[in-house]
Every structure is written in C-alpha cells, then in structure tokens.
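Visitor: I would like to go through the labels attached to this model. Please set each value against its cut-off.

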Amino acid sequence: MNLLSIFVAIPVLMLAGLFLSRTRQQARIISATGASLLMVAAVALAFLFMAERHAGNTAEMLFTASAQWFPAWNIGYSVGVDGISVLMILLSAFIVFTGIFTSWNIDPLPKEYFMWFCLLSVGVFGFFISLDLFTMFMFYEVALIPMYLLIGVWGSGKKEYAAMKLTLMLMGGSALLMLGILGIYFGSGATSMDIMDIAQSTIPTALQKYFFPLTFIGFGVLGALFPFHTWSPDGHASAPTAVSMLHAGVLMKLGGYGCFRVAMFLMPEAANELGWIFLILTGISVVYGAFSACVQKDLKYINAYSSVSHCGLVLFALLMMNTTAMTGAIMQMLSHGLMTALFFALIGMIYGRTHTRDIREMGGLMKIMPFLGVGYVIAGLASLGLPGLSGFVAEMNVFVGSFQHADTFHRVLTLIAVTSIVITAVYILRVVGKILYGPVQNPAHLKLTDAVWFERLPVVVLILAIAAIGLYPSWIADWIHTALEPIVSRLTLAAL
Amino acid sequence: MEYTLWILILPLLGFLSLGLLGTRLKGKSAGYIGTALLGLTALLSYFTAWQYFSMDRVDGIRQALTPVNWTWMRFTDFLHIDLGILLDPISVMMLVVISTVSLMVHIYSLGYMDGEKGFQRYYAFLGLFTFSMCGLVVATNIFQMYIFWELVGVSSYLLIGFYYTKPEAVSASKKAFIVTRFADMFFLMGILLLSYFTKTFDFGLLCDPANQSIFASAAGKTFLGGAVLSWATALIFIGAAGKSAMFPLHIWLPDAMEGPTPVSALIHAATMVVAGVYLVARLFPVYFFFTPEVLHGIAYVAAFTALYAAIVACVQTDIKRVLAFSTISQIGFMLVALGVSSMGTVDNGLESHEGLGYMASMFHLFTHAMFKALLFLGAGAIIHTVHSNEMSRMGGLRKQMPITHITFLVACLAIAGIPPFSGFFSKDEILTATFMFKPWLGVVMTFIAALTAFYMFRLYYNIFWGKPAQHEHPLHEAPKNMTGPLVFLALVTVVAGFIPFGKFVSSTGAAYIIHLDMKVAITSVVIALISILIAWKFYCKGTSTVPAKMAGFFGPLYTAAKHRFYIDEVYQFITHKIIFRCVSQPLAWFDRHIIDGILNGIGWITCRGSLAFRWMQTGQLQSYALLIILGALILLCISLFC
Amino acid sequence: MEHIIPMEYYLVVSSIMFFAGIYGFITRKNLIAVLISVELVLTSTDINFAVFNRFLFPQHLEGMFFTLFSIGVSAAETAVAIAIIINIYRNIKSTEVRNLKNLKD
C-alpha cells in the first residue's frame, strides 16, 4: 500500500474497531491508539519526506500513487504530498491526537462520538493527500457531514440551529465548489482530474473569470471569508470541545489549502485579475473579526471571531502572491490551527468546571487552576503574536511579504491589516484580565480543581508545537518555500 | 568575544528553570538561583565592557563588533531576521547599565519580596526581562530589536500584573501592554516602510555613512505629502515614544507603578523606558542624514513631554507617581539632547563638539539609570516600612531610616543637578547642547531643570522631614539586602559624573573631551539651588501654608495638573466610548443582525417558498394523476407542434 | 385483403378505452373502481401492442409476447392492489380515495 494511504486507512480501521467495541474504555483505547499511530505516521512521513528531499528528489509531489477509480470520467485516486501537505498532515495528526484526549469523558454515546470523529479525520487526511480534484472534493464532503451530527448531538446551546447553519453554509460552499471543479476540468480539456495534469494545460482566461470566483468562494466559505463567515461563531460555540478544535484547527485550513492548491494554482490568470476583490474582502475579515471579538461575552465567540480575523489573514496573504507572504499564510495556518486548538481545549476544560463560558461570570481563575491559566495566557500570547511563539513568525512573514508588493494598493492594505495586531492584543488581554486575573468572582469556583493528566497532555503537546514553530521557523519555512515555488512561478508568469 | 552570548543565555536559563520548576522550588532558593545567574551575567557584562573599551581604535574610532550573527528567518533574498550580538559603545554601555541595575534589583528583591507568594514567578519574570532587554540592546538589526522590543513589553506586562488579584494591577498591566503595542504597530509599519526602500534590516548597513546608496530608491518618493523616509523614521519614532512614554503615549507609565517597586526601578525607570532613546540613538545617522526634520520634531516632542511631566510631578502625592513623572521628564531630556545633536566630525582622533548632544544623551541615560533606580529602590524601602505610597502617610522618616535617607538625598541632589553628583554633569551637557541648538529651547530646558529640583525636594522633604504621620507599628530601617544595593547605587551616583564618558561613547566613535560650559553650569546650579530652597521653605517644617495658597492661586492649572491634564480621561473616552461603543459594538451587531440576518433571511425565504408551493401536494392520488396527464399532454403538444 | 378491418379502427377502440380508463382513474371515488380503470388503461395498451405488431411488423412476434407479458404483470398487479385495498379497508373501514391522505400530513 502506498505510504500516504495509511493516513486514510488508520482512521478507517479505527472506525471498524470502534464499531466492534463494547465499552467506553474500549472505545477510548482504540481511539487513543489510532490517534497515536496517526501521529507516529505523520512524524515518520515528515522524516521520510526530509530524507527524500535530502537525497535530491526535487519532484513537486513525493510518494505519488494513482489508481483509476471511475475511468469513464477520468476520476482517479491519486495521492502525493509536497512540503505544505506534509505540514498540514502533521498539524491534523496533532489536532486529532489532542482532540481524542480532550474528549476523554464525552457523554453520551462515546462510541458513536468517536466513530464520527474518526470519519471526520478520514476526510481531513484524505483531503490533504489527494491530488485528484474529484477525490479531493469527495474527502472534503466526508469531512463536512459528520460535523452536522457531532454538533447536533453532542453540542451545547443552540446546537440544532448551529449544526444546521454550519452544514447548510458549508454545503452551499461546496455546491459552488463542485461547479468550479467541473469548470476547471472541462475548461482545461485535460484527460484526467489530477491537479498536476490539469496544470499542464491552460484554462482559457475567459472561463477562469467565471470559475475562479466560484472555486475561491467555495473554499473561502470554509476559510471564513467575509461575508460568509457567520457559521463560524455559532458553529464553534455550539460544538463540543474536540470538534471545535478539529474544526477551527484543521477544517478551516482545508479552505485555505484548497484556495491556493486548486483555485490559485490552476487559474492563475483570473487570480491575478480578480484577486483585488478578494483582497478587500479578506482585509475586511482581518480587521472586522478582530473588532467584533472585542465585545463578545462568550469565550468561544471571542475565539471564533478571532479565528475569522486570523484565517482572514491566511487568505489575505495568499492573495499577495509572493513567496514570503504565502509562506506566512501557510505558517499562519499551522500556527492558527495549533493555537485555536489549544484555546478551544482550554475553554472546554474551563467550561467543564465552571459550567459557564460567560466572561462576566468568571474571575480570578488563575489562582484556582494555575495550569489551565498559564496555558491560556500562553495561547493568548501566541495569538497576539509574541516573538518566540508561532503567531509572530507567521504574521511577520505575512506583513513583510505583503509589503514587498509593488502596488501601493497592496501596501496600504497591508498597513490596514497590521492594525489587527493591536486589536488582537486588546481582546486577548481583556479576556485574560477578566477571567484569569483579579479577585475570584464566584465563591463556588474556589472548590474547582486544576487539570488532570489527560487534560494536561494535549495542552503540553500543543504548547510545545507552538513554541517549536516560533523558536525555529526556518525548517518549515524551507519546506514551504520549495513547495510554493511552482505555484508562485505560475502566478508571476500569469501576471505578466 | 562569543562568550557575550552567555549574557543572554544565563538570564534565559534562569527564566526557564524557575518558570518550569515553579513551586517545586522553595521561594528563597529560587531567589538565590536567579540572583546568582544574574551575578554571573553582570560579571560577564563588566568583562565585556573592559575588553571592548580597551581594544584599539582604528583611526581614532571605536569599531563595532559582531561576534555572533545567525540568520533566524529568511523573508526574501535580502530581507532576513538575524539574531546576533552587536557590540559598539552604546550597546556595551547599556549592557553594563542593565546588568548592574538588574543585579541590584535581584538582591534588593530578596528582602523586599520576602514572604510574598509567587517568589519563583517573580524571579522567573525578572530573568525573562533581563534576557529580553539585553537582547534588545545587542540587536544587530532592526527586526531583532523589534522582537526583543515585544518581549520586554510582555515581561513588563507580566511584572506590572504581578499582583494579579488586584484589579488595579491588572488594568495597569493591560493598559501598559496595549498602549505600547499600539506604538509598536507604528514601529512595525516604520520598519516595513524603511526596509521596503533600503532592502535591509541591518543596523550596520543602515547606519554606515559611507553606504548611503541604499536610501537612493526612496529619494523623491512621497506619500500623503511627506517624504517616505520621513514617514518611516517618524513611525519608528512613534514606537520609541510608546516605550519611552513620550507625550501623548506616556499614560501607561504612571499606572505601571502598580507593579512591585523593584520592578518599577528596573523596568520603568532604568532600562526598558530608555529603549526608545536607545533606538533613536541607534538609528541616529539615519535620522540625522536623511530626515533631520524628524529629528528636530523629536526634540520638540521630548521638550514638551519633559515640561508636561515636570509640572504634573509637582502636584502628585503618590511618591511612586512623582518618580514616574520625573522619569518621563528625564527621558524627555535625553531625547531632547538627541534631537538637537548633530553628527560630530573627527579631527585628529578627537570629535568636534557638534556631537555633544548625542554624547550627553547617552551620558544622562547612564547616570539617570543609576540614580533613578536608587530613588525607586529607596521609595521601595519606604513603602516596605510604611505600607503606603501616599506622602501624607510619611514624614520625618530620617530618624528611623538613616541609610535610606542619605542615599535618597544623594539621588535627589544628583537629579537636581548639584555638583559633584553625576546628574549635574550629564544634565549640564544636555543644557549646553540645547543652548547650542536654539537658545530659547535651552531656557525652557533650564526651567524644567529647576522644576525637577523643586519637585524632587518636595518629595524629599515630605518623606524625610515635615510632620511625622501616625503609624500603628514601629518603623524600622530596611534589612541589609535592601540597603546594600542602595549604598552601592549611591556610590555609583557620586562617582559616575567623573567618568570621562565622551572617551567611551560619542556620535562618531572617536573620543570626545568633555569640558564644562561654565556659564550654563553656574546658571543651572544657582537655579537648582533656588528651587531647593523654595522646596525647603514650603515643605521642610510641614507647617507652611504657602503650598495650599499656591494651589488656590493656580486653581484650574493645579487641578488639571493633579489630574494629569485629563489625558487619561481623553484616552478612556476614545477607547471606551469611540472604539468600543462606536466601532466594535456596532460591528458585532452588524455581524449578528445584518450579515447573519441575510443568511437567516435566505433560509427563511426558502422555508416560506416551500410553504407557498405546498398546496400543490394535496395528498390526493387522483389530482396527482390529473397533473401527470396534463403534463404529459403538454409535453406531447410541444413535441408535436413545435 | 380488402375485407380486413383497418388498423385505425383498432386504434380508435383502444384510445376510447384508454381515455375512459384515465377518466375513471381521475374521477372514481372508490378504490376498486380506480383499479378497474387502471386495468382498462393497461388493456388498451395491450391492444395497441398487438395491433401494431400485426399491421406493421407481421414477421415478428415481440409485440404479441409483450402483450402476454403485460397481461401477466397486470394480473399480478391486480392481486397486489386488491390485497392493499383489503388492508386499507381493514384499517380505515373505507375504500374511498379521498380518505387516503395520511402520507401528506
């Protein structure tokens, strides 16, 4: 079996195992083992990838394999990874791993919960390894559907509404996407759905102008592109902890990943021509999300809006179309993935104790649960871009890269986006000041306990990952640079 | 001189070990570990200074060294963040200042923080701060400086909020961080702008007078009516103004006094707040050669700030606030000196006196760090005993606290500019430089110097003389580990003025021979003495009614000054009323109701639409059949006749 | 073969039967009557198959076979339909068409 197919096979096997499991303990053990295996596989993949590159293999995609799946329509199961996909797989493995531990005590129906969770990871991993447009789309759908049940059954608050809204909006996005994909396929006249094959032929610019916006918005909905972001606050607020983590941490990255891998890579001319519209929209996302987060009262809403702002920055940087900014975008995906996962994990743990997410009802938690408090502060500092943590390297790449753009329009937009670093500081410090510092608000909270082992594990793992990227960014930067080369060169060629 | 890396590593090690071990360590031992590491750092800094300054000059000019430089992150082929160590006169001088004051604060805190909860955390943060501050001063490029600039900001945030259960401390720390972050945003924009044209972050390239071609691409380019380079340097200065608490970004500094007093001594008096001065000094060639108008602007802003802060300091009653405003005012002095300075020319291995302002600024930075740290630590000793920051709770303390009294007096004399204490020499050079630039500015600065002497002695007399206040417990002198640093810093303050500072630091790197301008020196000393006399008259006995009458006479001005001219209220208004009420809340509302409303509206329309077609589903088999047949007939007709 | 009945006659008969069946299907109230109408429709198509086979493709027999097959199917269908109707009658004590709209609500 191909190396990459392991990433789909493990969750599928987990599904089978979970199906046969009888007790909660069994379900936990199977999930934890599977998630650890995924983590091991992801790390192994990273090393193998490095070794391969070291050995001088300069092919765009490594570990490729391909099989015909539906020959009449040239649909195949073709897989392959470049540096960016490897990083995304690593990220997903991290989040799935930590997510499993965060949902250690899920109630009710633990077995079913873990099954849907596994199905979600099938979709996520499948998406990142696929090179075939249709297979990619299929995995994308596989990743979206379980969301509906995970939120609808295990969520909290207005869960039915949120689940319905999230699913419908994302499905609406994928309808556009489907059109876009078909347009790309027929427009290119290629004889396969493989992205690399389609890239060999050019799609007429007139057609691109129709299908680029469709594809970009289709993926953009998942990437929280303004004004299609409103599923995010409701969805994240209602979802159970681990689902919020996976959703904000990985699923929203599917959007950004698709935007450059499909929309921008295959339709560079339209990207250059229409990019400015989306640039304005994403610029709005960045500032607007940050401002909206300033006045929210629910911890999860604050994070959801902050995700809108941060993911807006991802798309913003992608549209700047130069290596530095796009490197920043990828780093921001990783960084945002890890740090929102951390945020949501901590919020889940705090909520599990205080039974409220309203920041006005909490205070002085640092004294009561120092571990969670310190974790929250670190996540906050990463979010506001403290040097040494991942947010900083991502943002600086984005800002410096965007500012190298030759157009004054782009540079002015960059300066506007830079203001988000202050607004981010405002809302992060507001929350930290309100819930962690100050005197204890609610005397009943004094009896609460700090984190236990299965809660500490994900927090520590995520913090380590955030610090690793923040302290030594050049290793991932190198991978991303190599992976971006063909994309950027196509884009610059198209600009001429 | 690769060993200088250890100056950074040791405090970081302290931070990591104390931070990770946390409460597993006993509080005291955490303190000793932190202090020991810092002691090593200080020794290394002194050794570095000795080695650096005893190196041979090349053509009479001190050379900058870069013992370590490592590319940390590469943006483009020419833009990359390097992390390294740049040794030149000002960075070495700063290393000495930072490690000295930090060491003193570490020792002092062993006594001051004794018995506090979170001793480990405190020392961990001090280590983090020392690491970041050293990293800032040795930065080889502007982006490295930005990185450490942020790190000192966060350590300041953590230390101001050390007493995190106190709401005032929390909001003060938040305010400090956000205000400086706001300024940092402009700093970042400035960096982006500057690097876009010069294609480099490197200080060595930016500040080399021989290498001015890198600025060529910016020539003639304007943005909104200003030259792009002026924009860039002005934006960078806003960043500097935020850290150095220049008007109107000074509002965080007085509130930052909520932190533990030793922290105020270290961060908010001696080291971090002069980072802005350091940044301007670091980029001085850029400012001087390319944007002299911005440099002059800096001088005016700084002079105004100095005046403003001095006036406010005259009426504050919280002793730490007085010191905070005095710090703002003194930083104003340093920046004025930089702003009025020119680049000296080297002749025969000696620098001409055009570079006086630069030298004076750095000299004042050095002496001020010592005597202001001394003042804060002294104030800390007093607060430690009295358990209050208010002047009214003090008075007559000279008998109970003799050592604190003498050292405090030394510092007051130094800041007032009385010879032979160090402040006299540095301040005198600043005044001379200002008179050389514009005589009227010199007069203003002399007036501010007089105000300084007045408010410092107001403070001194109110604390140590005057009417003793009632206390429930007996007052006592601070323990040895607190008075030790006081005595040490007092000794430094006494002798520092006699250091031939110009031989070490000057605008070009050549030796500068300091000579006193007698006219300026005598005037300023006389004026300072008169101010002290007035303060003595007003406050020494504690019975004079003149201050109250004066307050009545200056009514509105007095009230305004007492409320710091309502700048905080203006900010409060802008942030709460405008940003929160008029931007954030409407945006959030807009999001929830308009954007989301549109989406929900689409859903609603779909529901309504399907209801509208629902009547067609009668449930009657026969009506369906009829429709099917009609449909079939219509299709048939179409296929037959069309 | 002048004495032979022309094809149109057959078609007229089957059309009358077809539309009579349709009319009955739409208007009858009783399920049994509806069923009978369906049978009429089916039979009319059977006639058509047979006629077209006889007149247009006399050398083939597919039409005839199909007619036989269709008669078989309609017999089975009638049996099933009657069974359903009996069950409906057992449940709602009625074979009226308009009482059968439980699926709608």
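Visitor: Why is Lys158(A) called partly exposed?

Guide: The model is a predicted one. Lys158(A) has 13 C-beta neighbours inside 10 Å. Exposed would need 12 or fewer and buried 20 or more, so Lys158(A) counts as partly exposed.

Visitor: Where is Lys158(A) placed?

Guide: Lys158(A) is in the loop between α5 (133–154) and α6 (159–188) of chain A. Its C-alpha atom and that of Ile480(A), 322 residues away along the chain, are separated by 40 Å.

Visitor: What makes Val432(A) count as buried?

Guide: The count for Val432(A) is 24 C-beta neighbours inside 10 Å. The cut-off for buried is 20 or more, therefore Val432(A) is buried. Val432(A) belongs to helix α18 (residues 420–436) of chain A.

Visitor: Which residues does Val432(A) touch, not counting those up to four places away in sequence?

Guide: They are Tyr376(A), Val377(A), Gly380(A) and Tyr437(A).

Visitor: What makes α4(A) mostly covered?

Guide: Of the 20 residues in α4(A), 18 are buried.

Visitor: How many residues of chain A and chain B are in contact?

Guide: There are 38 residues of chain A in contact with 36 of chain B. On the side of chain A, the elements giving two or more residues include α11 (268–294), α16 (390–403), α18 and α20 (474–495). The residues on that side are 25 nonpolar, twelve polar and one charged.

Visitor: Which residues touch the most other members of the largest nonpolar core?

Guide: That core has 441 residues, and the ones in question are Leu346(A), Val280(B), Val336(B) and Ala373(B). Helix α15 (residues 356–386) of chain B gives the largest share, 20 residues. Leaving aside neighbours within four places in sequence, the contacts of Val280(B) include Phe237(B), Ala240(B), Ile298(B) and Leu335(B).

Visitor: What lies apart from this core?

Guide: Another core, of five residues, lies apart from it; Phe25(C), Val34(C), Leu35(C) and Val97(C) are among them.

Notes. Residues numbered from 1 in each chain as written. Chains lettered and ligands numbered in written order. Predicted model: local features only at pLDDT ≥ 70, side-chain atom pairs only at ≥ 80, totals over all residues. Helix = DSSP H or I, 4+ residues; strand = E, 2+ residues; numbered from the N terminus. Contact = placed C-beta atoms within 7 Å. Nonpolar A, V, L, I, M, F, W, Y, C, P; charged D, E, K, R; others polar. Core = buried A, V, L, I, M, F, W, Y, C linked by C-beta atoms within 7 Å.
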